[in-house]
Amino acid sequence: MGTPEFAVASLDKLFEAGYNIVGVVTAPDKPAGRGMKLSESAVKKYAAEKNLRILQPVKLKAPDFIEELSSLKADVQVVVAFRMLPEVVWNMPPMGTINLHASLLPQYRGAAPINWAIINGEKETGVTTFKLQQEIDTGNILLQERISISPDETAGTLHDRMMETGADLLLKTIQQLEAGTLKEIPQHSPSPISNLPLHRAPKIFPPDCEINWNQPTDKTYNWIRGLSPYPAAFTYLKGKKLKIFSAEKEPGNDKNKPGAIITDYKSYLKFATSDGYIELREIQLEGKKRMNIEDFLRGWRP
């Protein structure tokens, strides 16, 4: 059960390992783009290529979906980046439902763990497999693997690394489940990270991604890279929305007001923060394509 590209790596890993995948549950096709043509999820595209049975329920409690899912007689269900499941679904298979989550649970429960780990300046995160139960991301932990976060990493690059590491961890989990060697660890039990305050990872909506230039440079820099490439941190430049995909931080502030723009109109454009500057590297101005700052400045005048 999954929808985006992040889930494809796990599905592929299980398929290539020879497991009998009796069905793939993914989101219904959605209208997208200017022509509003129906767009298939990444998981559906992969499943179709491999001739796997595809289920696309609108409602997860719909009797016809429950009946079809039950008829598959799966031993175990695997969930990667999907919707919250009702108990009638996650409690169906005899060996339970296993979820892959992109954090070291119990840290960063929620829909956007990769983004929030970078936004909060974490130096380390990880992936976790756990058994689903009623409350979101609270089930017994099965396996975990740590992943370091580099100082300049974006959510996009971390996503791609975690996607592959998570797929490997999921395969290992299924293999140990099959062998009967898995040990379940309740999330309230002592763990290597239990002495840290718990951070949440709620869904991030594009309108909430505006940059606050009154924040310190480091915090602003983390905000930008934690939201890159999607949903993308933004500010306004002469009244137009400006998305920022990559930037560099610069210490020191010559008493410029936070949000002030400093540029030579040729090679650099930077914004003042409360204690330094953010120099833009890759951007997208409203109505324009994504480009590096030098190309942008060639055609831009205030």
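Modeller: Two strands pair if DSSP finds at least two bridges between them. Helices (H or I, at least four residues) and strands (E, at least two) are DSSP runs, numbered from the N terminus. This is a predicted model, in which local features need pLDDT of at least 70 and side-chain atom pairs count only at pLDDT 80 or more, while totals for chains, interfaces and linings use all residues. Residues are numbered from 1 along each chain as its sequence is written, and side-chain values use heavy atoms, with hydrogens and water left out.

Colleague: Which strands are at the edges of the open sheet of four strands?

Modeller: The order in this open sheet is β5-β6-β7-β8, with mixed pairing. An edge strand pairs on one side only, and that holds for β5 (77-80) and β8 (141-148).

Colleague: At about what angle to β5 does helix α1 run?

Modeller: Axes are lines fitted to C-alpha atoms, for helices over the stretch in contact, and angles run from 0 to 180 degrees between N-to-C directions. Contact means heavy atoms within 4.5 Å. Helix α1 (residues 5-16) lies across β5 and β6, and its angle to β5 is about 150°.

Colleague: How many of the 10 residues of helix α7 are buried?

Modeller: Buried means under 20% relative accessible area, exposed over 50%, and partly exposed in between (1.4 Å probe, protein chains only). The buried residues of α7 include W223 and I224, and the buried residues pack against α5 (113-119), α6 (155-179), β9 (233-237), β10 (240-251) and β13 (276-285). Helix α7 (residues 217-226) is mostly covered, and its number of buried residues is eight.

Colleague: Which residue's backbone oxygen does the side chain of Q187 reach?

Modeller: Q187 lies in the loop between α6 and α7, and Q187 counts as buried because its relative accessibility is 8%. Beyond its neighbours within four places in sequence, its contacts include L105, P106 and R109. At 2.9 Å, the side chain of Q187 reaches the backbone oxygen of G139.

Colleague: How many residues apart are W213 and F271?

Modeller: Rings of Phe, Tyr and Trp (its six-membered ring) pair if their centres lie within 6.5 Å; planes under 30 degrees apart count as stacked, over 60 as edge-to-face and the rest as tilted. W213 and F271 are stacked, at 4.6 Å centre to centre with 5° between the planes. The pair links distant parts of the chain, with W213 in the loop between α6 and α7 and F271 in strand β12 (residues 269-272); the separation is 58 residues.

Colleague: Why is the pair of F234 and Y236 edge-to-face?

Modeller: F234 is buried, at 4% relative accessible area, and Y236 is partly exposed, at 40%. Their ring centres are 5.7 Å apart, and the pair is edge-to-face because the planes stand at 90°.

Colleague: Over which ring does the charged end of K241 sit?

Modeller: A charge sits over a ring if NZ of Lys or CZ of Arg is within 6 Å of the ring centre and within 35 degrees of the ring normal. The charged end of R290 sits 3.9 Å from the ring centre of F245. For K241 the distance is 4.4 Å, and the ring belongs to F234.

Technical notes. Polar contact = N/O pair within 3.5 Å; in protein donor to acceptor, adjacent residues only side chain to side chain.
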